[in-house]
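These are my notebook entries on a single protein model. I recorded what I looked up and what I found.

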Amino acid sequence: MEKQKVIIYQMDMFEGHTKNNMSHSESCGVGNETTEGKERQVISAERQERALAEDLMEIICSQENLKRAYRQVKRNKGSAGVDGMRVGEFKGWYSEHGTKLKEELKSGRYHPSPVRGVEIEKPDGGKRMLGIPTVKDRFIQQAIYQVLNRIYDASFSESSYGFREGRNAHQALKRAQEYVREGYGKVVDIDLERFFDKVNHDRLMYRISETIQDKILLKLIRKCLQSGILLGGLVSQRIEGTPQGSPLSPLLSNIVLDELDKELEKRGHKFCRYGDDCNIYVRTLKAGERVMQSVTLFIETRLKLRVNQRKSKIALCHESKFLGYRVLTNGDLGVSPQNLKRLRDKIRKITRRNRGKSLAEIIKELNKILPGWLNYFRYAKMKEHLKDLDQWIRRKLRCYRLKQCKRTYAIKEFLTKLGVQANSSWLVALSGKGWWRLSNTQQLRRAMNLEWFNNQGLFNLTLNYMKLNI
């Protein structure tokens, strides 16, 4: 059944690719409807599959597919790779070298450049390695992704939500809520150790070759996987892993983990997977122990990946986090304490008192992160958390603005202008308390109240949360 889907899709793509040459065929007196119909009846399904599978590079290099790939790369922006070329410079480069590039791709002579390695801090400690391919390689990988994704996505599990068009984290959370409400209140939280760094190339290529027979395309994908990584001025060869930051990496990770999905489905488990984050829902902790043991064995022996024993656990659903949320015992969603702490840490960095920026600039920076955070966590039951957070943010900003006044007279003048009586203003200005204690005085709260911050344009979490959940 899956092969039939692949053949049908490839046939559609092949027909779309050959339509561009239709007028030329007609002018030569061939390709009329009757002749085509007879020829297609003669060609066997096996020959169609073989011919189309071998022609995938032709489809990838089609003008329409490459245009879409360029638009997506341009939309994603991103940093320059090892060659220093920026996204804005690629169009000019392609107009001069595009024909040669397509010839190299179709003939199998193209070699990807090394990726530029960048280490970023992980939220829970440690570092994550990102690989930034050149713009040219991002363009090529995006073109490959667009064709392969249409072939593979239809066969992926209904319980897989990460890196798929039309699917998102909120849908995964909704499914998790349904499982908990059905009585599956215990969760087997499986954490894969450095998944993107540990994918076995040989096994991945074998999985792809089960569906794709285009040898030139298979060799190109392997070259992308094995292209070196530049870090600290040295290029090291990669023998495993898929570089995070590559347009092709999310699809390849889903191809690897689809085997896990199919195994869990075969066993009848209730699960949700988003990328390498997999939660399996069971009724009892004892059942969870059995599932953890058997699934860990499958992952490590069959998929050749490692389960992080330190981070993986069996727990009550509300004691575990999934995609930044907690699924509560009644099936409602709550925001995880770790993500609340992470947001507070970001706010602390922005509102550091020694930054030397105006209050308007600080508010502008806060307004860049607060709406996105709230939009993602909009489904959590957290009204009281947001009230506390809003009050804390306003106090941080009062403290920041008060310190900018520096001198006693400047503090008095600032408060007087905001409507505080002169004698009360002097009490604050002459106080020996620290900035943080002063920011919570009655005079400051009255002068820089909720209405004042609204006029400054500060994003109000509580108010906007209520609007989102009307």
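Predicted model: local features only at pLDDT ≥ 70, side-chain atom pairs only at ≥ 80, totals over all residues.

Entry 1

Entry 2. I asked which residues form a positive surface patch. I found Lys 67, Arg 68, Arg 71, Arg 75 and Arg 150 there.

Entry 3. I examined Arg 71, a member of the patch that is found in helix α6. Is Arg 71 buried, exposed or partly exposed? Its relative accessible area is 43%. Arg 71 is therefore partly exposed, because that class lies between the limits of 20% and 50%.

Entry 4. I turned to helix α18, residues 408-417, and listed its buried residues: Ile 411, Lys 412, Phe 414 and Leu 415. They cover an arc of only 165 degrees around the axis, so they lie on the same side of α18. I then looked at the face turned away from this buried side, where I found the exposed residues Tyr 409 and Lys 417.

Entry 5. I located Leu 56 in helix α5, which covers residues 56-60. Its relative accessible area is 0%, so I recorded Leu 56 as buried; the class requires a value under 20%.

Entry 6. How far apart are Leu 56 and Ile 144 in sequence and in space? In sequence, 88 residues separate Leu 56 from Ile 144. In space, I recorded 9.1 Å between them, C-alpha to C-alpha.

How values were computed
Residues numbered from 1 in each chain as written. Heavy atoms only, no water. Patch = residues over 30% accessible without salt bridge, like charges linked within 9 Å, V, L, I, M, F, W, Y side chains within 5 Å. Areas by Shrake-Rupley, 256 points an atom, 1.4 Å probe, with all protein chains shown as cover. Salt bridge = Lys/Arg side-chain N within 4 Å of Asp/Glu carboxyl O. Lys, Arg positive; Asp, Glu negative; His and termini not counted. Charge placed at Lys NZ, Arg CZ, Asp CG, Glu CD. Helix = DSSP H or I, 4+ residues; strand = E, 2+ residues; numbered from the N terminus. Buried < 20%, exposed > 50% of the residue type's maximum accessible area, 1.4 Å probe, protein only. Arc of directions from axis to C-beta.
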